[in-house]
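Me: I'm new to this one. Could you take a close look at a single chain for me, and walk me through how its parts meet each other and the neighbouring chain?

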Amino acid sequence: MAQVSLEGIRKVYPNGFQAVEATDFTIRDGEFVVLVGPSGCGKSTLLRMIAGLEDITEGTLKIGDRVVNDVDPADRDIAMVFQNYALYPHMTVRRNIGYGLKNRGTPASEIAAKVEDAARMLNLTDYLDRKPAQLSGGQRQRVAMGRAVVRDPALFLFDEPLSNLDAKLRNQMRIEIKALQRRLGTTAVYVTHDQVEAMTMADRIIVLNAGRIEQIGTPSEIYHNPASTFVASFMGAPPMNLIAAQVDRGQVRINGYDGIMPAPTSANGPVTLGIRPEDIELDGQGSVPFQVDILEELGAHRLLHGQLAGQPFTVLINKDHAAQMGENRITLKPEALRLFDTETGRTL
Amino acid sequence: MADTTLETPAVAHRPRKIRWHAIGDHLVLILGSLLMILPPLLALTTASHDAVTIHREGLQLTLGDDLGKNFHAAMFEKGGFTQTVDGTLMLMNSLILGIGFAVGKIVISMMAAYAIVYFRLRFATLAFWVIFTTLLLPLEVRILPSYEAIQKLGLTNTYTGLIVPLIASATGTFFFRQFFMSVPEELAEAARIDGAGPWKFFIDILVPLSRTMIAAIFIIMFVFGWNQYLWPTLITTDESFFTLVRGIKQIVLSYTDGQIPEHGQALALAIVAMIPPVAIVIFFQNWFVKGLTESDK
């Protein structure tokens, strides 16, 4: 168990491409941190630098109190779970899980006991003598977890471990991984591009974009107070509505429409207005007209896609609300309005 | 084969149609098999006659009385110029050459491929292509310098001299390189985190993963080594290093003292020479096909 701190960590590839800009953050002992972002945002590079599989161009990486920049991955006291599991295909589950211990010269009797323990924890006891090819995706995932757990490392690293599973299994494994991490109290860094995974599993989320940290915060902070339009549109499904608007004497005015709401900030001029689809109500007396083009039935909810003042807009309503195509009127909850700088995309 | 047997139940209900294309296929296959099997068969029947009959009447289609005698003579009668070498010794030599060849080539080319694929060598790609271009320089092209080098090292008439100069293999290196490149990179990374150094990763992970590849290359290289003729002829003058392939020729060419060459014995020896490669192919067949077609990852 350990705290992990990154101080000015950068990654520049030999061809000059900067994959990760100077990055500072500290992961607290026992914390579950999720790195999330679109493909190519540098999240995997960051994880691989923590693992030691990628050289750190600049900066200081500490695991516990030890600077590990030049420490071999094997000696960093970490365990990693890979996207494709990276199980050794010719070894049984038992040998797969025990391989790391064997290489460290652990006595055979101790390996056997630890492997049994890990297998019991992960419901793998019946499969210990099988080869990975004879296991299902979820079981392979568990073996990969077992390989990490058995060594009792200071830090777990997960590199998109669930993306090869089907949706149902993914939900289940998500809960299992989270529960396991809680129980063991091991610090964990988890990389994903799936914002649902990030929201559900993280103690804290780090949103990355183009090699830069956009925002660090708890899932609730990230969801309710996105620091930029990027975070606003990346986190949450459906994403936050972002439309062009104007602030004029403390009032928000949506372009091409004269609906007026009090502005939460004192800024003036053009802004980007953000509001979550569920913070909007259908309301016959509402002040804003909303043209519904497509109605998506999700069971518990309905999604109404359409246009507001000529800009694409989405509204989420509960299943017991009636909805119709065409012209509707809506009310935007004033406390849910978020305003962003039109140029930089940062929150105002 | 497989799909015709599978189709049968479905077809059985309908009035039988003559499937001309199937008949055609089988005809081609049968003719091909006959073509392949007739020469050894002819060798076997001819080997059962005595030298005089063969010399006078040529190849024989019927079984004669001398099969056992010819085989016995071919295997156990000392022959050659010095009268010291018999068939068993030659069989032994051929086996040493074939196995030494195959094992040596596999070890060398696996290690070369491992270095090229897994280590950040400065000129790895260049090194690979240099190795690869040696395909353009087979033994026959460089035979004189090769001979001179071996002769100066004093390795003529040794197994080392027979085997070592030929074990560098561009083909093997190429096959293993392609295979290693198809092994997921995460496997090496997982092993690194699991504390396996380069040597352990090679022995514990790569070698077991490559076993079908190893089997396939073993077959090819064993047969190649077994059939070597030119190099052994050049490098060994001592008859105790004779291989079967050379022995056959030796018998046929012994026109000394106006004797009729022992054609029966030569053919018996030829049949003996065919058995090990065939046995190895049959034995490793499954792995061979696997190694060349599927990737076991």
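Reply: Let's start with what counts as touching: contact means heavy atoms within 4.5 Å. By that rule, 19 residues of chain B meet 24 residues of chain A.

Some ground rules. This is a predicted model, where local features need pLDDT of at least 70 and side-chain atom pairs count only at pLDDT 80 or more, while totals for chains, interfaces and linings use all residues. Residues are numbered from 1 along each chain as its sequence is written, chains are lettered from A and ligands numbered from 1 in the order in which they are written, and side-chain values use heavy atoms, with hydrogens and water left out.

How far can you trust chain B? Its mean pLDDT (the predictor's confidence in each residue, from 0 to 100) is 83, and 88% of its residues reach 70 or more. Helix 11 (residues 198-209) of chain B does best, with a mean of 94, and helix 1 (residues 2-12) of chain B does worst, at 47. Helices here are DSSP runs (H or I, at least four residues), numbered from the N terminus. Over residues 1-11 of chain B, pLDDT stays under 50. Where pLDDT is low, the predicted coordinates should not be read in detail.

Back to chain A. The two chains bury about 1,800 Å² between them, buried area being the accessible area (1.4 Å probe) that two parts lose on being put together, summed over both. On the chain B side, Arg192(B), Ile193(B) and Asp194(B) lose the most, together 39% of what that side buries. The interface has 3 salt bridges, each a side-chain nitrogen of Lys or Arg within 4 Å of a carboxyl oxygen of Asp or Glu. Glu189(B) makes a salt bridge with Arg48(A), with the closest N and O atoms 2.7 Å apart. Helix 10 (185-193) and helix 11 of chain B each bring at least two residues to this side, and helix 10 of chain B gives the largest share, 7 residues.

Now look inside chain B. An automatic or database domain assignment sets the bounds: domain 1 (2-76) and domain 2 (87-293).
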